[in-house]
Amino acid sequence: MASTHSEGPSATMRLPKQNLVAVIGTTGVGKSKLSVALARALNGEVINGDSMQVYRGLDTITNKHPIPERHNIPHHLLGHISDRSSEYGLPQFEREAAKVVDDIHRRAKVPILVGGTHYYIQSFLMPNMTVANSEPRDLTEEEAKFLDECDTSELFAKLKGVDPLIASKFHPRDRRKLRRALEICWTTGRKASQIYADQKQHGQNQEVEIARYRTLVFWVWSEPEALNPRLHARVDDMVNKGNLLGEVQEMTELYLNLDPLPDIDRGIWQVIGFKEFLPYIESGTDEDREKGVQDMKRATVKYATTQVRWIRRKWLVAAAESANDVTTVLLDASDLSKWDEKVEQPATEIAKEFLSGQEIHRSLRAPDGLEDMVQPAQEKDNSARPDNWIHFACDICMDEGEKFVCVGEERWKIHLRSRRHRQTLKHINERAAFERWKASQDQTGQAI
């Protein structure tokens with residue numbers, strides 16, 4: 001909105017933003033397929049937004065889209081990192097993605113950003129909504145060594161000493177998040193909790209530019225009942241028809257030759273399939289092979305669930321504050337026999353309207369019956385509620401020898417209603433009743 005008292009060009013007048021199309025969604029739902037179809041229809045080029053697919057090779061375990069199915073569409077930031085021992089991170093992705101998008105725009109083509117690393121995509125598209133600093137410093141050698149070699153309990157204690165509020169946000173065993181928060185504190189010189197608070201304040205300020213581009217986001221979604229069997233089948237194909245086990249063997253040989261051994265939850269080592277098949281690579285037994293298959297299936301389904309949760313609790317909340325610069329459209333890919341009808345055709349038509357400058361009508365943003373899916377679930381976003389960053393320790397349920405911990409009252413209440421807690425409590429009560437009975441029998445015997 002233009003200022004009514006401006007002198008010359010108003011500081012509050014917004015210049016038109018360049019267009020960008022993005023495709024998000026769970027693993028195995030068809031994001032890459034749609035991105036190629038859109039690129040062919042819109043004179044576009046694809047930019048990879050998956051943190052595992054930036055590494056060269058390992059095409060099976062990272063699920064890179066097969067070259068014949070790319071139909072000669074240029075793909076950027078895909079397999080361009082040759083050093084697998086290095087850790088590719090968000091700052092590098094943001095720099096490289098911005099450069100690629102600018103180049104695509106200069107050539108009057110449409111950038112199409114696709115991937116399942118939604119943290120990367122959201123941080124790039126809405127930089128004012130994520131934790132960042134103008135110019136963070138590098139970790140010192142001592143800090144890097146501590147992060148790599150310390151126990152998770154030591155990591156939690158260190159973060160608690162530096163920023164107790166942000167430490168309370170995370171589970172004391174969530175090493176990845178604890179490490180990232182401590183990195184932020186050290187490299188920015190500020191408490192991560194204060195950075196979050198500042199960004200929340202910025203998000204409430206209508207003058208702040210949240211979105212980097214005028215963005216149309218397609219969320220390719222599927223009913224879990226339809227998606228999960230496809231994910232299971234994909235794992236089977238990766239093992240039986242693909243080169244998954246060969247790639248795990250290749251990764252293992254590199255991993256064991258590194259000193260010190262890298263954190264298995266960072267860099268390429270966190271890719272689903274590596275740690276699941278390590279026991280098989282070592283033993284070669286059919287039992288460990290089958291266990292690896294089942295563990296990988298469970299991890300893949302869990303990851304898909306996490307991706308949907310991120311979209312609903314993070315992406316949609318941020319997009320709602322973007323001053324109409326970001327439009328999210330849900331496409332139902334539950335029935336693959338209706339892919340063209342329900343995914344590709346509507347996406348192409350909507351994208352053409354968007355690129356012509358039209359606003360996408362709300363009736364087109366979700367299929368009938370799924371309108372609630374594109375409503376932001378802000379009240380469920382624990383990260384936006386510091387008052388809920390409280391640890392609850394269960395006195396009777398144990399987690400690897402320590403008290404089971406929940407973060408937030410909502411999760412604590414769920415735990416108290418859980419089958420695990422109720423069964424543990426039942427066992428304790430039965431044991432206590434037995435001990436009372438035994439004591440009474442001892443007293444009776446003594447009396448006789």
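User: What share of the contacts with a separation of 6 or more comes from residues 24 or more positions apart?
Analyst: In this predicted model, such pairs account for 72% of the contacts in the chain with a separation of 6 or more.

User: Why is E45 called buried?
Analyst: Buried means under 20% relative accessible area. E45 has 3% relative accessibility, so E45 counts as buried. Across the chain, 43% of the 448 residues count as buried.

User: What makes the pair E45 and K109 a polar contact?
Analyst: The cut-off for a pair of N or O atoms is within 3.5 Å. The side chains of E45 and K109 are joined at 3.1 Å, so the pair meets that distance.

User: Which residues is E45 in contact with, leaving aside its neighbours within four places in sequence?
Analyst: K109 is on that list too, together with A39, I73, P74, H76, I104, R107, V110, P111 and I112. E45 itself belongs to strand β2, which runs over residues 44-48.

User: Where is the kink in α12 centred?
Analyst: The kink is centred on I311 and comes to about 35 degrees.

User: How much of the accessible surface belongs to carbon and sulfur atoms?
Analyst: Those atoms hold 49% of about 24,400 Å².

How values were computed:
Residues are numbered from 1 along each chain as its sequence is written. This is a predicted model: local features need pLDDT of at least 70, side-chain atom pairs count only at pLDDT 80 or more; totals for chains, interfaces and linings use all residues. Side-chain values use heavy atoms; hydrogens and water are left out. Helices (H or I, at least four residues) and strands (E, at least two) are DSSP runs, numbered from the N terminus. Buried means under 20% relative accessible area, exposed over 50%, partly exposed in between (1.4 Å probe, protein chains only). A polar contact is a pair of N or O atoms within 3.5 Å; within protein, one must be able to donate a hydrogen and the other to accept it, and residues adjacent in sequence count only if both atoms are side-chain atoms. Contact means heavy atoms within 4.5 Å. The bend at a residue is the angle between axes fitted to the seven residues ending there and the seven starting there. Accessible areas come from the Shrake-Rupley method with a 1.4 Å probe; for residues, only the protein chains shown count as cover.
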